[in-house]
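Biologist: I would like to go through this model with you, one feature at a time. Please show it first.

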Amino acid sequence: MIFSRFLRYWMIVRVLEVQKELLEMDCKKLRDEISAGRVRSVSATEAVFRAIEKNEPVIGAYISTFKEQALACASDIDARIGAGEQAGKLAGVPVAIKDNMCTTFGATTCASRILENFQSPYNATVVEKLLAADAVIVGKTNMDEFAMGSSTENSGLKQTVNPWDKSRVPGGSSGGSAAAVAGRMCFGALGSDTGGSIRQPASFCGVVGLKPTYGRVSRFGLVAYGSSLDQIGTITRTTSDAALMMNVIAGHDPADSTSVGEDMAPVGDYLEKIDEPIEGLKVGVVPAFNAGADKGVQKAITEALEVYKKVGAEVIEVDMPHLDYAIAAYYVIATAEASSNLARYDGVHYGHRTKHAGDYVEVYTKSRAEAFGKEVKRRIMLGTYALSSGYYDAYYLKALKVRNLIRGDFSKAFEKCDCIMMPVSPTTAFKIGEKVDDPLKMYLSDIYTIAANLAGIPAISIPCGLDEHNLPIGLQILSPAFSEAKLLQIARMFESQTDWHKKRPPMIE
Amino acid sequence: MREKIDQSQVKKVAKLSRLDLSEAEIAEFTGQLSAILEYVEKMNQLDTSKVEPLAHCLPVSNVFREDFVKESLGTEKTLANAPEREGDFFKVPKILDDSSGA
């Protein structure tokens with residue numbers, strides 16, 4: 001009797017231990033174990049849902065989860081592997097997607113009350129690609145409404161906190177994806193990045209965030225915010241997982257006319273050379289620009305540069321005189337595009353419809369006023385103003401010219417160096433509520449991430465330190481268009497020399 | 001200091017934006033948008049008289065596909081999210097004014 005009780009207790013403890021070990025695997029390792037039939041996808045998926053049961057009430061990373069569907073999908077993959085079938089590149093790996101990517105299952109809300117019950121009639125191309133690669137989609141993550149924000153506080157549906165410190169923001173707008181990955185509630189996630197929305201939350205949550213080149217990943221089925229800036233990318237625990245997920249989602253899509261074809265830039269295999277260091281790497285830095293960051297952040301970046309020097313890289317100063325104007329140009333261009341993109345929410349075709357419309361104009365004005373959050377309204381207003389008669393030249397056209405100057409800065413810099421390194425954010429994760437009442441202050445925190453979107457180039461955030469509050473710091477690396485493979489190699493050079501990517505939030509320990 | 005944008009302009013922009021904002025929101029946005037516009041005008045420090053505007057980072061051109069009939073979404077899927085429908089149509093309040101009795 002006592003013995004059997006002990007045995008049961010021991011078995012439960014053992015199952016929990018195995019699940020915890022499972023959760024610490026990266027996507028690549030888990031995929032290999034599942035493909036070889038040594039680990040079942042069902043076990044990995046159950047482990048993820050156990051972590052969700054435990055951590056989600058605190059973190060709040062998900063808008064929706066699909067336990068039944070995910071377990072059925074995992075079980076199907078296990079059966080196919082058991083029958084000797086070759087499974088896909090993400091065989092049985094539980095992943096999450098940001099809730100601005102369309103899925104035929106569940107709702108696609110964009111964390112907005114205007115789309116709270118929206119059921120997409122089709123899947124985004126990235127969702128189709130994940131499913132075709134045998135990934136298991138466990139849920140859709142919280143975000144700033146329509147991806148407008150840097151803290152996920154603008155979500156119209158729920159609050160997400162930083163797994164490292166629940167009094168702080170996870171960053172944004174892909175805050176739910178970053179928090180889910182850091183909180184071991186999935187093995188990898190997709191986010192979208194219009195002005196830093198993958199890199200900054202990845203930095204705040206101590207994980208890896210990759211924004212690919214504009215056009216590298218199809219935007220079909222990504223709810224539009226700033227169409228010339230939006231790009232889907234990955235949030236993972238390691239650089240090789242970013243490469244693995246890119247191998248699944250990158251490539252031309254006839255349904256997205258801005259996605260780039262093989263003729264212009266072949267996709268290739270991002271994992272193939274990731275462990276090969278770049279010989280004679282030249283790293284560009286902009287010292288005066290970096291000086292705007294907090295002391296703790298600056299120190300971590302300086303130390304990261306030392307790591308690169310130690311493995312043979314040369315660090316050179318580059319002059320990028322127009323970076324200082326990136327925020328100004330961005331908040332005109334992005335909001336102008338947003339004001340146009342969000343005109344589709346009219347209370348007629350889908351989404352929230354007011355019950356108080358006297359006439360058809362009020363269907364628009366009241367539906368939109370009732371269901372859009374403040375930041376979305378603010379950006380629609382700003383963009384509409386910048387495009388309005390009499391102001392177009394002074395704001396919108398001017399911003400497009402400044403955008404050209406910023407792209408020119410990068411072109412010139414990349415003649416002298418392979419990549420540019422800088423902080424991701426001037427600070428580590430800030431307190432919830434700290435910046436919500438001052439939109440300009442919130443915008444200014446995007447200083448380091450915005451330029452990559454304006455120039456359309458790829459950029460990655462990797463963990464490079466912890467500050468005095470035990471909060472993660474991110475190193476940002478930017479490289480020329482379509483050089484993601486090399487960018488990942490460069491990031492991997494640092495990761496292979498350091499342990500920062502292995503640090504876990506205290507609540508996970 | 002004079003605000004970059006005043007309440008009457010904000011009301012006009014709200015109308016253009018099809019947003020029925022409250023008086024409180026108008027007041028709040030007036031201050032916030034003024035501060036943002038003030039900041040944005042730092043772009044004027046740059047001489048851009050000889051710079052081309054860049055709307056798009058890639059050398060984009062029109063993308064054409066073969067002109068053939070493809071399957072479309074279909075009526076039911078298209079209307080599935082409609083807040084109000086009548087038969088095969090999206091339903092909206094009357095748009096044409098019939099007060100003249102014509």
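Modeller: This is a predicted model. Let us start with a helix pair: helix 3 (residues 41–59) and helix 4 of chain A pack with their axes 8 Å apart. The angle between them is about 160°.

Biologist: Are helix 3 and helix 4 of chain A roughly parallel or roughly antiparallel to each other?

Modeller: Their angle is about 160°. Angles over 145 degrees count as roughly antiparallel. Helix 3 and helix 4 of chain A are therefore roughly antiparallel.

Biologist: Which residues of helix 3 of chain A make the contact with helix 4 of chain A?

Modeller: On the side of helix 4 of chain A, the contact uses Lys67(A), Ala70(A), Leu71(A), Ala74(A), Ser75(A), Ile77(A) and Asp78(A). By class, the contact of the two helices has 6 nonpolar, 3 polar and 2 charged residues. Helix 3 of chain A contributes Ser41(A), Val42(A), Thr45(A) and Phe49(A).

Biologist: Which strands of chain A stand at the edges of the sheet?

Modeller: The open sheet has 11 strands in chain A, with mixed pairing. Its order is 1-3-2-4-6-5-10-11-9-7-8. Each edge strand has a single partner strand, so one side of each is left without a neighbour in the sheet. The edges are strand 1 (62–65) and strand 8 (314–317) of chain A.

Biologist: What is the bridge partner of Thr65(A) in strand 3 of chain A?

Modeller: Strand 1 and strand 3 (residues 136–141) of chain A pair in the antiparallel sense over 3 bridges. For Thr65(A), the partner in strand 3 of chain A is Gly139(A).

Biologist: Which strands of chain A does helix 6 touch?

Modeller: Helix 4 (residues 67–82) of chain A packs on the sheet and touches strand 1, strand 2 (94–98) and strand 3 of chain A. Helix 6 (residues 175–182) of chain A packs on the sheet too, and its direction makes about 155° with that of strand 4 of chain A. Helix 6 of chain A touches strand 1, strand 2, strand 3, strand 4 (188–193), strand 5 (208–211) and strand 6 (231–236).

Biologist: Where does Ser173(A) lie?

Modeller: A cis peptide bond joins Gly172(A) and Ser173(A), with omega about 10°. Ser173(A) is in the loop between strand 3 and helix 6 of chain A.

Biologist: What is the phi of Asp134(A)?

Modeller: Asp134(A) sits in the loop between helix 5 (125–132) and strand 3 of chain A. It is not a glycine, yet its phi is positive, about 70°.

Biologist: How do helix 11 and helix 14 of chain A cross, left-handed or right-handed?

Modeller: The axes of helix 11 (residues 326–341) and helix 14 (residues 393–416) of chain A come within 9 Å and cross at roughly 125°. That makes helix 11 of chain A oblique to helix 14 of chain A. The crossing is left-handed.

Biologist: What radius of gyration does chain A have?

Modeller: With 509 residues, a compact globule would be near 23 Å. Chain A agrees with that: 22 Å.

Biologist: Which element of chain B gives the most residues to the side that touches chain A?

Modeller: The contact takes 41 residues from chain B and 53 residues from chain A. Helix 1 (7–16) and helix 2 (23–40) of chain B each give two or more residues to the chain B side. With 7 residues, the element that gives the most is helix 2 of chain B.

Methods: Residues are numbered from 1 along each chain as its sequence is written. Chains are lettered from A and ligands numbered from 1 in the order in which they are written. This is a predicted model: local features need pLDDT of at least 70, side-chain atom pairs count only at pLDDT 80 or more; totals for chains, interfaces and linings use all residues. Two residues are in contact if their C-beta atoms, placed from the backbone, lie within 7 Å. Helices (H or I, at least four residues) and strands (E, at least two) are DSSP runs, numbered from the N terminus. Axes are lines fitted to C-alpha atoms, for helices over the stretch in contact, and angles run from 0 to 180 degrees between N-to-C directions. Angles under 35 degrees count as roughly parallel, over 145 as roughly antiparallel, 65 to 115 as roughly perpendicular and the rest as oblique. A crossing is left-handed if the near helix is turned anticlockwise from the far one by less than a right angle, and right-handed if clockwise. Two strands pair if DSSP finds at least two bridges between them. The radius of gyration is taken over C-alpha atoms; the globule rule is 2.2 Å times the number of residues to the power 0.38. Ala, Val, Leu, Ile, Met, Phe, Trp, Tyr, Cys and Pro count as nonpolar, Asp, Glu, Lys and Arg as charged, and the others, Gly among them, as polar.
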